[in-house]
Amino acid sequence: MAEFDPGRLRVLVFDIFGTTVDWYTGVADQAAEIFRAAGVELDAGTFAEEWRGMYLPAMQRVRDGARDWAYLDTLHRESLDTLLERHGVGAAVDEQQRRNLVRTWHILPAWPDAVAGLARLRERYTVVALSNGGFALLTRLIKAANLPFDSIVSAELARTYKPDPQVYLTASGLLDVAPEQTLMIACHIWDLAGARAAGLHTAFVERPGEKGPRIPADRPEDATADLTAGNFVELAELLGC
């Protein structure tokens with residue numbers, strides 16, 4: 001990989017779930033309302049953690065070829081059905097409520113620094129959402145959270161999921177930049193590892209509460225990255241924005 005030179009960067013690509021938006025709070029709060037309406041007594045926070053825990057294994061099966069390509073909404077629905085049965089409440093949650101639960105991932109709050117940080121970075125760079133979410137999900141999420149991205153690149157274009165290097169290469173190719181002119185920003189070590197394997201530069205942004213109150217988030221001291229920042233505003237300062 002080329003030596004890191006911020007002056008050569010043209011595009012910044014951002015992970016969404018956890019890095020840009022707070023999936024835990026968003027999913028847990030919405031799920032709690034749906035569970036109350038269904039008369040189900042489940043801790044929504046724990047449920048959100050368990051559901052997210054099924055995220056990477058589900059995508060791994062797609063990457064390994066163990067199953068055909070499926071949209072993230074489909075993977076979320078399959079995991080949801082499994083989890084509801086595991087908790088013994090499958091009969092209590094009807095079809096519409098299950099659809100509403102899947103759509104909790106479409107409306108998630110941005111971290112407090114996200115909008116301001118993206119706005120500053122956008123003055124100098126093209127800022128792009130690069131996510132395993134589908135186009136419909138990302139369009140709704142970004143609009144609802146007022147996130148000032150220039151463009152969206154979904155893993156569905158590559159028909160595989162991060163951290164497969166093909167997702168990152170698809171993004172840089174579509175944006176007509178070389179991988180080394182692209183900076184991947186994420187709070188997940190696995191995401192940055194995939195980006196590095198594709199030749200992108202990387203920035204780790206720390207999100208201590210990303211996985212909720214019970215599961216430790218990835219730590220900066222464990223990450224291999226060209227830059228490390230505490231939030232998007234700090235990242236903008238590091239990049240001279």
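The centres of domain 1 and domain 2, taken over C-alpha atoms, are separated by 24 Å. Domain 1 covers 6-22 + 108-239 and domain 2 covers 24-105, with bounds that come from an automatic or database domain assignment. Across the boundary, 25 residues of domain 1 are in contact with 24 residues of domain 2, where contact means heavy atoms within 4.5 Å. This is a predicted model, in which local features need pLDDT of at least 70 and side-chain atom pairs count only at pLDDT 80 or more, while totals for chains, interfaces and linings use all residues. Residues are numbered from 1 along each chain as its sequence is written, and side-chain values use heavy atoms, with hydrogens and water left out.

**Nonpolar core**

- The largest nonpolar core has 79 residues, and Leu 12 and Phe 14 touch the most other members.
- Helix α1 (residues 23-38) gives the most to this core, with eight residues.
- Domain 1 and domain 2 each supply at least three residues to this core.
- A nonpolar core here is a set of buried Ala, Val, Leu, Ile, Met, Phe, Trp, Tyr and Cys residues joined through side-chain atoms within 4.5 Å.
- Buried means under 20% relative accessible area, exposed means over 50%, and partly exposed lies in between (1.4 Å probe, protein chains only).
- Helices (H or I, at least four residues) and strands (E, at least two) are DSSP runs, numbered from the N terminus.
- In soluble globular proteins, nonpolar side chains tend to be buried together.

**Phe 14 and Phe 232**

- Phe 232 is found in helix α10 (residues 232-238) and counts as buried because its relative accessible area is 0%.
- Beyond its neighbours within four places in sequence, Phe 232 is in contact with residues including Phe 14, Asp 113, Gly 117, Val 205 and Arg 207.
- The charged end of Arg 207 sits over the ring of Phe 232, 4.9 Å from its centre.
- A charge sits over a ring if NZ of Lys or CZ of Arg is within 6 Å of the ring centre and within 35 degrees of the ring normal.
- Phe 232 and Asp 64 are 168 residues apart in sequence and 33 Å apart in space, C-alpha to C-alpha.

**Aromatic residues**

- The count comes to eleven aromatic pairs.
- Rings of Phe, Tyr and Trp (its six-membered ring) pair if their centres lie within 6.5 Å; planes under 30 degrees apart count as stacked, over 60 as edge-to-face and the rest as tilted.
- Trp 69 and Tyr 71 make an edge-to-face pair, with 5.9 Å centre to centre and 75 degrees between the planes.
- Tyr 71 counts as partly exposed because its relative accessibility is 38%.
- One aromatic cluster is formed by Phe 17, Trp 23, Tyr 24, Phe 35, Phe 47, Trp 51, Tyr 55 and Trp 105.
- Arg 52 lies over the face of Tyr 55, a member of that cluster, at 4.1 Å from the ring centre.

**Strands**

- All five residues of strand β5 (residues 201-205) are buried.
- On one side of β5 the buried residues are His 201, Ala 203 and Val 205, and on the other they are Thr 202 and Phe 204.
- β4 and β5 pair in the parallel sense over four bridges, and Met 184 stands opposite Thr 202 in β5.
- Two strands pair if DSSP finds at least two bridges between them.
- Ser 154 is found in strand β3 and counts as buried because its relative accessibility is 1%.
- Leaving out residues up to four places away in sequence, Ser 154 touches Ser 131, Gly 133, Gly 134, Phe 135 and Leu 138.

**Backbone in the loops**

- Lys 162 and Pro 163 are joined by a cis peptide bond, with omega about 10 degrees.
- Pro 163 is placed in the loop between β3 (151-154) and α8 (165-174).
- Asn 146 has a positive phi, near 55 degrees, and is found in the loop between α7 (135-144) and β3.
- Asn 146 counts as exposed because its relative accessibility is 59%.
- Asp 176 also has a positive phi, near 60 degrees, and its place is in the loop between α8 and β4 (182-186).
- Asp 176 counts as exposed because its relative accessibility is 64%.
- Most residues other than glycine have a negative phi, and most peptide bonds are trans.
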